[in-house]
Amino acid sequence: MVGVSIPLMSRHHTISPGQTFSNPVTGERFTFTHTAVSTGGELLAFDLALRPGGAVPIPHVHPVPAVRFGSRLVSPLADAPVLVLGATGKIGRRVLERLRAQGIAVRAGSRAAQPRFDWDDRSTWAPALAGAPAAYVPFSPDLAVPGAAETVAAFAALAVASGTRRLVLVSGRGEAGAERAERALQESGVAEWTIVRCSWFNQNFSESYLLDSVLDGEVALPVGDVAEPFVDADDIADVAVAALTRDGHAGCLYELTGPRLLTFPDAVAEIGAAAGRRVGFVSVSMDDYASAASAAGVPDDYLWLLRYVFEETLDGRNASLGDGVRLALGRAPRDFADYARDVAATGAWRR
Ligand SMILES: NC(=O)c1ccc[n+]([C@@H]2O[C@H](COP(=O)([O-])OP(=O)(O)OC[C@H]3O[C@@H](n4cnc5c(N)ncnc54)[C@H](OP(=O)(O)O)[C@@H]3O)[C@@H](O)[C@H]2O)c1
């Protein structure tokens, strides 16, 4: 393995297979075996199995993901895309958009994508990982479900064997199952891991199962006055992208929360105020909630998960702020009021 840094003549520079460059430090000449792209940096950093001296293509290439080099972002190899699992989900979609906006090659991971990725079908994992230097890993449906840690361990082992060097796992706060999965990642032998451990997402109210209730004017949940530091999907995606594309996040476990504790009734009241309409909150028993969900067609295994989330994790254990956004990005997390204002302005909370 050889690390080389090559000054580029211009922005958006593409290097084709077969082109040769001199290492400015040692003077050795190298031949590129893969296409590479710079998205506007002055330097392109590689960590490839480059053979000095000639034009002989090298069969085994170990690219690194995009890295910060000096103050510039450097893209990964164009044919070694960053794998984004959950690419159609609330966070994955945002991660994908951000990487694309930076000109970074991506591969969307979803049951609808090609190649298809399905947590329940291990034969789909290797094609999704092929050539990927880094991967964003949100487990579905949730790390709390039995067997999730073992699945994450198996995926991480395959990623290591496939040459993936950087894994970014999304996790949940206060969940024993999630902590087992975090340990599985930490012990997987992957060169660089980052854990993004999140509180409840703001976007559950606007892009997920609570949207219909907000539109109906009443949110009924089996929670009382427990306080939760709701976190914004944009902050989570920003942290995940930083961890995927820049150095300095390996071995970090970030606790991501918003800047403020709110009860669920508080959050719903802020949504109503921002949307300019009445949205009420009703606290219901877990049994009544589960019966209503079951009558609405929610399958039994998902009911188990809902019960776990509401009964186990919303008991006050997460009623504290985390500093993950500031640690990872050097800025404050987004406030719930800003989220509510921006969503209301899109009209998403109006029928
Ligand atoms: N929501 C919260 O408040 C919260 C809080 C803490 C942690 N988390 C965790 O954060 C992670 C991301 O959540 P999210 O809200 O962004 O997800 P989401 O919006 O619910 O989307 C789920 C994603 O997972 C994919 N998916 C579902 N089943 C799959 C399967 N069997 N195989 C492969 N992909 C599958 C879906 O893609 P396709 O349907 O296209 O395959 C979709 O892209 C999850 O691990 C979640 O448990 C969530």
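Before I look at facing residues, a reminder to myself: two strands pair if DSSP finds at least two bridges between them. Also for the record, I'm working from a predicted model.

**Entry 1: overall counts.** Of its 351 residues, 41% count as buried. I also checked contacts with a separation of 6 or more, and 74% of them come from residues 24 or more positions apart.

**Entry 2: the sheet.** I traced an open sheet of six strands and wrote down the order β10-β9-β11-β12-β13-β16, with parallel pairing. The edges are β10 (106-108) and β16 (252-256); each has a single partner strand, so one side of each is left without a neighbour in the sheet. From one strand to the next the twist averages 15 degrees.

**Entry 3: strand pairs.** I looked at β9 (residues 82-84) against β10 and got three bridges in the parallel sense. V82 sits opposite V106 of β10. Then I moved to β11 and β12, which run parallel and are joined by five bridges. There, A135 has L167 in β12 as its bridge partner.

**Entry 4: β12.** How many residues of β12 are buried? I count seven of the seven, so the strand is largely enclosed by the rest of the structure. My reminder on strands: side chains in a regular strand alternate between the two faces of the sheet. In β12, R166, V168, V170 and G172 point one way, while L167, L169 and S171 point the other way. Both sets are buried, R166 included.

**Entry 5: α1 over the sheet.** I followed helix α1 (residues 90-101) and saw that it lies across β9, β10, β11 (134-138) and β12 (166-172). Relative to β9, α1 runs at about 155 degrees.

**Entry 6: α1 and α6.** For two packed helices I note the angle between the axes and the distance between them. The axes of α1 and α6 (residues 233-245) come within 9 Å and cross at roughly 55 degrees. The two helices are therefore oblique to each other, and the crossing is right-handed. On the α1 side I listed K90, I91, R94, V95, R98 and L99; α6 brings A233, D234, I236, A237, A240 and V241. Sorted by class, this contact has eight nonpolar, no polar and four charged residues.

**Entry 7: α7 and α11.** The α7 residues in the contact are A267, E270, I271, A274 and A275, and from α11 I noted F336, A337, A340, R341 and A344. By class I get eight nonpolar, no polar and two charged.

**Entry 8: cis peptides.** Which residues does a cis peptide bond join? I found one between Q114 and P115, with omega about -5 degrees. P115 is in the loop between β10 and α2 (125-129). I also found the bond from S140 to P141 to be cis, with omega near 5 degrees. P141 lies in the loop between β11 and α3 (148-162).

Terms used:
Residues are numbered from 1 along each chain as its sequence is written. This is a predicted model: local features need pLDDT of at least 70, side-chain atom pairs count only at pLDDT 80 or more; totals for chains, interfaces and linings use all residues. Helices (H or I, at least four residues) and strands (E, at least two) are DSSP runs, numbered from the N terminus. Axes are lines fitted to C-alpha atoms, for helices over the stretch in contact, and angles run from 0 to 180 degrees between N-to-C directions. Two residues are in contact if their C-beta atoms, placed from the backbone, lie within 7 Å. Angles under 35 degrees count as roughly parallel, over 145 as roughly antiparallel, 65 to 115 as roughly perpendicular and the rest as oblique. A crossing is left-handed if the near helix is turned anticlockwise from the far one by less than a right angle, and right-handed if clockwise. Ala, Val, Leu, Ile, Met, Phe, Trp, Tyr, Cys and Pro count as nonpolar, Asp, Glu, Lys and Arg as charged, and the others, Gly among them, as polar. A residue is buried if 20 or more other C-beta atoms lie within 10 Å of its own, exposed if 12 or fewer, and partly exposed in between; C-beta atoms are placed from the backbone.
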